Amino acid sequence: MNDLNDRALIDLPEARRFVYRNENDASRDDILTDAINDASDGIWDYCEREFKDTTNPDRSGVDGVGNATTTFTSATAAFTADDVGKRIRIDGAFFTIASFTNGTTVVLDRVLAVDTGLSWDFGELRLIPVTSSGYVDFRPFDLYEVASATLYADRADLDDTVLTTADYQLVRHGATAYDMHIAAPEFSPAHEGFLTMVSIRGWWGMPSVPGTIQLACKQWVKNIAENPGGYASSSMAGYDVIPEFDSVTTLLPAGMPAAVRYRLDDWARGDQPIR
């Protein structure tokens, strides 16, 4: 039996409960696993969004210690003075490092509760293209917390420009941002027409799968499970599953039920003008 992939939007007990009304019936898990993987991939691709936390941090650990003060320690962190001012995620919450003590200890901007074995990380750095007007399209990514943003980080011939929160505006949908507007990049005539990038360190995807998306996935999985031989060209349980075209003649994922599409349309990015 295949395993659920990293983009699976529901787990097997949820699917069993929704499809067969029995979360302990594992007799058809091979069908449900394939259906969950296929439906989840279709939803991610149709919406051009990240519905789970996709952050792949380059610095992280699981040995953090809090003591009901602003002090945070980790035996593996290898903190340096350069970490002052950086954002850090500790046990799902975001802090700013206020000062450096030594390689295992820093002071945070607010109190951290008493606990041990805390997970921590500094987010993931991604390079995103910037248009000449300063528009940054995160598609197909979602950004839910910014640590830092630097313009021209990819250009050896231009000085890096660290952006403050006053230099950009994030456009949000729910808890995440799907694009950014910054001051239009300024190039000398020799640089005009060249692509430039903004490097964004942060936390990507969504902290948890939205309930509407989970329901859409369950509906699609149920549709597949009840008509496994020909769901791409049949109707089942009131769902029209014939592949159809949307208003911009983009082919929907084969077999997407209309009811599922309606739930997804508020989340789908769709076509956006180049800015």
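Colleague: Starting with H1 and H3, is their crossing left-handed or right-handed?

Modeller: In this predicted model, helix H1 passes helix H3 in a right-handed crossing.

Colleague: At what angle do the axes of H1 and H3 cross?

Modeller: They cross at roughly 60°, and the two axes come within 9 Å. Because of that angle, H1 counts as oblique to H3.

Colleague: Which residues make the contact there?

Modeller: On the H1 side the contact is made by Glu 14, Ala 15, Phe 18, Val 19 and Tyr 20, and on the H3 side by Gln 214, Leu 215, Lys 218, Gln 219, Val 221, Lys 222 and Ala 225. Sorted by class, this contact of H1 with H3 has 7 nonpolar, 2 polar and 3 charged residues.

Colleague: OK, and how do H2 and H3 pack, what's the angle?

Modeller: Helix H2, residues 29–47, packs against helix H3, residues 211–226, at an angle of about 130°, with the axes 9 Å apart. That angle makes H2 oblique to H3, and the crossing of these two is right-handed.

Colleague: What does each of the two helices put into the contact?

Modeller: H2 contributes Ile 31, Leu 32, Ala 35, Ile 36, Ala 39, Ser 40, Gly 42 and Ile 43, while H3 contributes Ile 213, Ala 216, Cys 217, Trp 220, Val 221, Ile 224 and Ala 225.

Colleague: And how many of those are nonpolar, polar or charged?

Modeller: The residues in the contact of H2 with H3 divide into 13 nonpolar and 2 polar, with no charged ones.

Colleague: That leaves H1 and H2; at what angle do their axes cross?

Modeller: The axes of H1 and H2 cross at roughly 105° and come within 10 Å, which means that H1 is roughly perpendicular to H2. The contact involves Leu 12, Ala 15, Arg 16, Val 19 and Tyr 20 from H1, together with Asp 29, Leu 32, Thr 33 and Ile 36 from H2. By class, there are 6 nonpolar, 1 polar and 2 charged residues in that contact.

Colleague: Back to H2 on its own: how far apart are its end C-alpha atoms?

Modeller: They are 26 Å apart, which agrees with the 27 Å that the 19 residues of H2 should span at 1.5 Å a residue.

Colleague: What happens to the backbone just after H2?

Modeller: Glu 48, which comes just after H2, takes a positive phi of about 55°. Another residue with a positive phi is Arg 21, at about 60°, although it is not a glycine, and Arg 21 lies in the loop between H1 and H2.

Colleague: Switching to electrostatics, how many salt bridges does the whole structure have?

Modeller: A search of the whole structure finds 17 salt bridges. Since Asp 41 lies in helix H2 and Arg 7 in the segment before helix H1, the pair ties together parts that are 34 residues apart in sequence.

Colleague: Last topic, is the peptide bond from Arg 139 to Pro 140 cis or trans?

Modeller: The peptide bond from Arg 139 to Pro 140 is cis, with omega near 5°. Pro 140 itself is in the loop between strand E8, residues 135–137, and strand E9, residues 143–151.

Technical notes. Residues are numbered from 1 along each chain as its sequence is written. This is a predicted model: local features need pLDDT of at least 70, side-chain atom pairs count only at pLDDT 80 or more; totals for chains, interfaces and linings use all residues. Side-chain values use heavy atoms; hydrogens and water are left out. Axes are lines fitted to C-alpha atoms, for helices over the stretch in contact, and angles run from 0 to 180 degrees between N-to-C directions. Helices (H or I, at least four residues) and strands (E, at least two) are DSSP runs, numbered from the N terminus. Angles under 35 degrees count as roughly parallel, over 145 as roughly antiparallel, 65 to 115 as roughly perpendicular and the rest as oblique. A crossing is left-handed if the near helix is turned anticlockwise from the far one by less than a right angle, and right-handed if clockwise. Contact means heavy atoms within 4.5 Å. Ala, Val, Leu, Ile, Met, Phe, Trp, Tyr, Cys and Pro count as nonpolar, Asp, Glu, Lys and Arg as charged, and the others, Gly among them, as polar. The expected span of a helix is 1.5 Å times one less than its number of residues. A salt bridge is a side-chain nitrogen of Lys or Arg within 4 Å of a carboxyl oxygen of Asp or Glu.
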